[in-house]
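Please have a look at it before I go on.

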Amino acid sequence: MRSGLKRSKSTSRFGHALAAALTRWYLRASPTPRERFAACRVPRPSRLGPYIMRLFHRSPSALAAAALVLAGPIALLHADAQSPRAPVHAQRARTLAIRNATIVDGNGTPARGPADILIEGNRIGRIVFLDPVALKSGTAKRPVADVEIDATGKFVLPGLINAHAHLQNERGKVAQPLDYNLKLWLASGITTVREVGSDSTDLLFRTRDASALGTIASPRLLIYARFSDPAREAATPAEARLRVQQLKQRGADGIKLGGIDRDLMAALLDEARKVNLRVAHHVGVEETNALDDARYGTTSIEHWYGVPDAAVVAGRQAFPSAYNYRDETDRFRWAGRLWREADPVLLGRVLDTMVAAKVAWVPTLDIYEASRDLQRAQTQPWFRDYLHPTLEEYFRPDPANHGSYFLGWSSTDETYWKENYQIWMAALRDFERRGGVIGVGDDAGFIYQMYGFGLIRELELHQEAGFAPLRVIQHATGNNARILGRESDLGRVRAGYLADLIVVNGNPLENLKVLYPTGIDDVRGGRAVHSGGVEWTIKDGITYHGPTLLAEVKEMVTAARQARR
Ligand SMILES: [Zn+2]
């Protein structure tokens with residue numbers, strides 16, 4: 001403990017015991033775990049616990065004095081220097097036990113529990129499944145830890161991975177706090193982000209490195225730097241190779257590729273393989289399509305266009321003569337009529353070719369949802385308290401903003417898009433059935449999708465596409481880890497893996513909506529209750545309290561709105 005070092009050991013130990021006892025007393029004075037789980041989105045006890053601990057670490061003597069006056073007798077009754085403490089928000093304990101957890105792993109196996117998960121530093125040390133008989137007789141051998149989370153009635157999953165995301169500190173050249181973006185990710189249970197292209201690569205590297213050191217509240221970041229160089233676009237295969245080498249030297253974890261001609265693509269992917277960089281390809285309607293990704297070795301296809309585009313019999317979609325690809329309304333309107341032009345037999349062959357070449361697919365279904373239901377996209381309930389005014393302004397239809405193509409969007413457009421989704425979702429099912437790897441990303445910060453919330457919506461859309469929730473969670477954890485080349489230390493609840501875990505209030509296998517940081521409204525015993533939400537997001541062994549993060553985001557948004565009045 002940082003603040004404890006300067007103080008005498010006995011004061012420090014006494015203070016610890018007192019704070020722990022206070023927290024325990026508070027927990028006991030509150031409803032039972034079951035009631036707590038059922039009753040509220042921000043469970044008061046665990047919300048207060050971190051605050052007590054944080055206060056204590058800032059000013060231990062003040063708190064100790066206050067505690068003695070206010071709750072001394074009760075606290076002393078329970079005081080025990082050996083007792084574990086409640087976790088502290090944004091700190092890593094030496095050892096942390098998550099008790100009585102129901103575990104959903106990232107490899108598609110069914111839920112199992114109860115188990116105690118022991119975290120040692122930033123790694124998962126041991127997972128001990130609890131034998132009910134031994135538990136009852138008190139002979140169960142349970143791991144000992146400095147800090148404990150009681151996960152009774154809760155589900156523990158690997159931290160979610162967002163494989164297609166943008167870290168943004170501005171929208172439309174208007175500033176937006178980086179913290180807003182990062183905290184929404186963490187509050188949504190996201191512990192790893194594959195960043196696929198923002199304008200300020202230096203800022204990305206700095207944020208990535210600070211996150212790795214644990215000095216900022218942030219998921220771990222893998223930076224897939226944009227291949228496209230605004231200063232000078234690569235025009236020859238030699239220049240494409242040079243650009244890859246430069247990005248490698250600058251410290252990129254991978255490359256994000258947009259539309260590109262075939263000769264440049266061949267050169268860049270060959271060079272990327274040589275320097276060991278993975279490539280995420282936003283495959284547009286270009287000279288190249290999904291078959292080129294398979295031929296030259298792209299790691300993952302982002303979104304979808306190039307997949308049906310490779311299965312159009314005529315070789316090119318039947319665009320109207322006035323069509324202009326650079327006009328976003330044209331592009332999104334006619335994209336809604338692309339899947340229907342894909343020949344089913346050819347499409348099957350394209351999917352097989354992708355599978356054989358090990359090209360994964362990160363579809364980002366959520367980012368096109370406004371195209372099939374604009375009103376839904378524009379009225380999402382979390383906008384009220386959590387939509388930053390910068391993002392709100394950016395979402396307004398304006399030809400100057402990317403993705404704001406909805407001026408004149410019609411019921412006809414929405415109807416085509418609904419059909420488009422059905423064929424797309426069927427292709428995703430088919431792709432996985434043929435052995436393909438599907439990942440999850442949200443592409444938030446565009447088109448009415450908020451950071452974090454967008455990823456949970458993406459999970460719901462994977463369920464709508466026909467994947468069982470167990471498989472959907474695998475898409476967001478185990479599969480994403482594979483796509484990132486991190487399947488040996490991320491995406492699983494497994495001993496030896498990095499301690500990236502989430503503790504969820506509720507069963508996501510029954511209802512993926514429990515993962516929304518704002519939780520869900522439910523009925524229990526005839527009473528309306530609010531529950532759900534990610535209680536703890538543990539990244540690299542550091543415990544982040546979901547409701548605290550969300551409260552901080554709300555404060556940020558409120559202050560920014562007031563400043564603009
Ligand atoms: Zn994107």
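This is a predicted model: local features need pLDDT of at least 70, side-chain atom pairs count only at pLDDT 80 or more; totals for chains, interfaces and linings use all residues.

Let me begin with strand β14, residues 300-302, which is joined to β15 by three bridges, the two running parallel; strands here are DSSP runs of E with at least two residues, helices are runs of H or I with at least four, both numbered from the N terminus, and two strands pair if DSSP finds at least two bridges between them. What stands opposite glutamate 302 in β15? That is valine 362.

Residues are numbered from 1 along each chain as its sequence is written.

Stepping back, β14 and β15 belong to an open sheet of seven strands with parallel pairing, in the order β7-β10-β11-β12-β13-β14-β15. Because β7 (160-165) and β15 (360-362) stand at the edges with a single partner strand each, one side of each has no neighbour in the sheet.

Now to the helices. The axes of α6 (residues 178-187) and α21 (residues 546-563) come within 9 Å and cross at roughly 150°, where axes are lines fitted to C-alpha atoms, for helices over the stretch in contact, and angles run from 0 to 180 degrees between N-to-C directions. α6 is therefore roughly antiparallel to α21, a term used for angles over 145 degrees. Among the residues making the contact are Tyr180 and Leu184 of α6 and Leu549 and Val553 of α21, contact meaning that C-beta atoms, placed from the backbone, lie within 7 Å.

Conventions. Angles under 35 degrees count as roughly parallel, over 145 as roughly antiparallel, 65 to 115 as roughly perpendicular and the rest as oblique. Two residues are in contact if their C-beta atoms, placed from the backbone, lie within 7 Å.
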